[in-house]
Amino acid sequence: MDQSDAAASVRGDRKAPATIYDIARHTGFSPSTVSRALNKPGRLNATTERRIRDAAEELGYRINPMARALPTGKTGTLGLVVSDITNPVYFDLVRGAEHIASEADSTLIFADSQESARLERSIAERLQTSVDGLLLVGSRLGDQDIRELSSVKPLVVVNRLVDGVPAVVPDVAPGIEAALGALRERGHRRIAYLAGPEASWMNTLRWQTLFDLAVSWGLSIVEIKSTEPTRAGGAEAFQRIVAADVTAVFAYNDLIALGLLRASRDRGVAVPESLSIVGFDDIFGADLPTPALSSIRSPLGELGERATRRLLTEIDGAPAEVGAALPTRFIDRESIAAVRS
């Protein structure tokens, strides 16, 4: 049997998907009645609707979102675009978004823009042709690009504020204040911020919040660039951290912090005895290295849930509910200590 025959054989063994016409024949109802029961719940009496839904389940029927969009204008799908799929900071956020989408009987389509604004715009435009709305997480787009996308279909940005566009952003101040306070109590006066991507709105917010607080407390603070928001970026910045002659470092995220921690250990700089390090987000695994990483925890799962609820509200055209701020909090572990006298 050649490859074409084998492929045909496999296709022949597959069961054709059930249609509304199969359900109609199975129940004795008309196709239009079956369609109303499946796509517009509540339009028929409960007994009829239940019979049709039971038959659909028995036959293995699955609603085609494109077909459902014809009478309703909605596909039942949501798009979620993140800046870097390899960053574990998104794990809980995506899970939170998926939880709410599932509750709403919607399907979540996930895409990665690879830290590229150009790719993010292209992905978002392609997704908009087949989804009811978009979540942009950690977007690298300019404000005007986001507003243009928002004018096409409902859109919510996460970890970003754009005038005129719905957004969900954590309150970074409580976590930063607690972390900086812990360092000050341990005698630190010269601190560095190891920055993230310049296109990251959250990077700017974290730096500005830390800078303003450090200045108000009379502490010395310097911003040091990293090449990328990864462990490699943190390791590459090691020499610049040493040259800055600081006793403590705030990193844009935990990956950068973990890279710096590893490089410090490899090059004989003891953490936390000679250098204290604080990460951001408290990702899975932040507590695994030795020393365990101190970090500012973001409510990632709640961010994903709230953003998805907000998007569903925008899609339905209902008034948005403004919830309480989602605060960050400092998780004090082993990577910070008192300055040596």
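Predicted model: local features only at pLDDT ≥ 70, side-chain atom pairs only at ≥ 80, totals over all residues.
Five strands form an open sheet with parallel pairing, in the order E2-E1-E3-E4-E5. At its edges lie strand E2, residues 107-112, and strand E5, residues 167-168, each of which pairs on one side only. The neighbour of E5 is strand E4, residues 155-158, and these two strands are joined in the parallel sense over two bridges. Within this region, Val157 is placed opposite Ala167 of E5.

Two helices lie across strands of this sheet. Helix H14 lies across E1, E3, E4 and E5, running at about 160° to E4.

The nonpolar interior is described next. In soluble globular proteins, nonpolar side chains tend to be buried together. In the present model, the largest nonpolar core comprises 44 residues, and Ile241 and Phe250 have the most contacts inside it. Both helices and strands give two or more residues to this core: the helices are H9 (173-185), H10 (201-216), H12 (238-244) and H13 (254-266), and the strands are E6 (190-194), E7 (220-224), E8 (248-251) and E9 (276-281). The most is given by H13, with six residues. The surroundings of Phe250 illustrate the packing: when residues up to four places away in sequence are not counted, Phe250 touches residues including Ile176, Leu180, Leu183, Ile191, Tyr193, Leu210, Val278 and Ile296.

Aromatic rings were examined in turn. The structure holds two aromatic pairs. In one of them, Tyr193 and Trp207 are stacked, with 5.6 Å from centre to centre and 20° between the planes. Tyr193 belongs to strand E6 and Trp207 to helix H10, so this pair ties together parts that are 14 residues apart in sequence. Both Tyr193 and Trp207 are buried. The rings of Trp207 and Phe211 have centres 5.4 Å apart and planes at 50°, and the pair is therefore tilted. Trp207 and Phe211 are four residues apart in helix H10, which means that about one helical turn separates them. Trp207 counts as buried because its relative accessibility is 15%, under the 20% limit. Phe211, by contrast, has a relative accessible area of 30% and is partly exposed. Through these ring pairs, Tyr193, Trp207 and Phe211 are linked into a cluster.

Charged groups also meet aromatic rings. The charged end of Arg184 sits over the ring of Trp217, at 3.9 Å from the ring centre. In another such arrangement, the charged end of Arg206 sits over the ring of Phe280, 3.7 Å from its centre.

Finally, the loop residue Gly317 was considered. Gly317 is located in the loop that runs between helix H14 (300-316) and strand E11 (329-331). With a relative accessibility of 65%, Gly317 counts as exposed, the limit being over 50%. The C-alpha atom of Gly317 is 9.2 Å from that of Pro154, although these two residues are 163 residues apart along the chain.

Key. Residues numbered from 1 in each chain as written. Heavy atoms only, no water. Buried < 20%, exposed > 50% of the residue type's maximum accessible area, 1.4 Å probe, protein only. Core = buried A, V, L, I, M, F, W, Y, C linked by side-chain atoms within 4.5 Å. Contact = heavy atoms within 4.5 Å. Phe/Tyr/Trp six-rings, centres within 6.5 Å; stacked < 30°, edge-to-face > 60°. Lys NZ or Arg CZ within 6 Å of the ring centre and 35° of its normal. Pairing = 2+ DSSP bridges. Axes fitted to C-alpha atoms, helices over the stretch in contact; angles between N-to-C directions.
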